[in-house]
Amino acid sequence: MVEYEYRELRFPRGTSRGTARLALAEFAEYGRWELARVRLYSDGSRRVTLRRRIIRQVRTV
């Protein structure tokens, strides 16, 4: 079974799409995070949920 860890980011109202995209691209490239959910609120703020797989090592000895 695949396990994930989650991280939540919040972007306040007035944050441009380009700025948010660059921040998410850095998380994806350097931290191996992938986009799980984006929630846009009526006040203009965004809540982004990122996830990445937890890799468990199995002992072979």
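Q: Hi! Among contacts between residues at least 6 apart in sequence, what share join residues at least 24 apart?
A: In this predicted model, 57% of those contacts in the protein join residues at least 24 apart.

Q: Where does isoleucine 54 lie?
A: Isoleucine 54 belongs to strand β3. With a relative accessible area of 28%, isoleucine 54 is partly exposed.

Q: Let's step back. Which helices and strands does the protein have?
A: There is one helix, along with three strands. Going along the sequence, the order is β-α-β-β.

Q: Is the protein a compact globule or more spread out?
A: More spread out than a compact globule, because the radius of gyration is 15 Å, well over the 10 Å that the globule rule gives for 61 residues.

Q: What box do the C-alpha atoms fill?
A: Taken along the principal axes, the box is roughly 55 × 20 × 10 Å.

Q: How much of the protein is buried?
A: Of its 61 residues, 20% count as buried. As for the surface, the protein exposes about 5,600 Å², and carbon and sulfur atoms supply 47% of that area.

Q: Which residues make up the largest nonpolar core?
A: Six residues form that core: Leu9, Phe11, Ala20, Trp33, Val48 and Leu50. Two strands, β1 (3–11) and β3 (46–54), each supply at least two residues of this core.

Q: Ala20 is on that list. What is alanine 20 in contact with, aside from its neighbours within four places in sequence?
A: Alanine 20 is in contact with Phe11 and Thr15 once those neighbours are set aside. Phe11 is itself one of the residues of the core.

Q: What about alanine 28, where does that one lie?
A: Alanine 28 lies in helix α1. Its relative accessible area is 37%, so alanine 28 counts as partly exposed.

Q: How far is alanine 28 from valine 48?
A: The two are 20 residues apart in sequence, and in space they are 13 Å apart, C-alpha to C-alpha.

Q: New topic: where is arginine 32?
A: Arginine 32 sits in the loop between α1 (17–31) and β2 (34–40).

Q: What is phi of arginine 32 near?
A: Phi is near 60° there, which is a positive value in a residue other than glycine.

Q: And why does arginine 32 count as exposed?
A: Because its relative accessibility is 69%, and exposed means over 50%.

Q: Last one, about charges: how many positive and negative charges are there, and how far apart are their mean positions?
A: The protein has 15 positive and 7 negative charges, with mean positions 3 Å apart.

Terms used. Residues are numbered from 1 along each chain as its sequence is written. This is a predicted model: local features need pLDDT of at least 70, side-chain atom pairs count only at pLDDT 80 or more; totals for chains, interfaces and linings use all residues. Side-chain values use heavy atoms; hydrogens and water are left out. Helices (H or I, at least four residues) and strands (E, at least two) are DSSP runs, numbered from the N terminus. The radius of gyration is taken over C-alpha atoms; the globule rule is 2.2 Å times the number of residues to the power 0.38. Buried means under 20% relative accessible area, exposed over 50%, partly exposed in between (1.4 Å probe, protein chains only). Contact means heavy atoms within 4.5 Å. Accessible areas come from the Shrake-Rupley method with a 1.4 Å probe; for residues, only the protein chains shown count as cover. Lys and Arg count as positive and Asp and Glu as negative; His and the chain ends are not counted. The place of a charge is taken as NZ of Lys, CZ of Arg, CG of Asp or CD of Glu. A nonpolar core is a set of buried Ala, Val, Leu, Ile, Met, Phe, Trp, Tyr and Cys residues joined through side-chain atoms within 4.5 Å.
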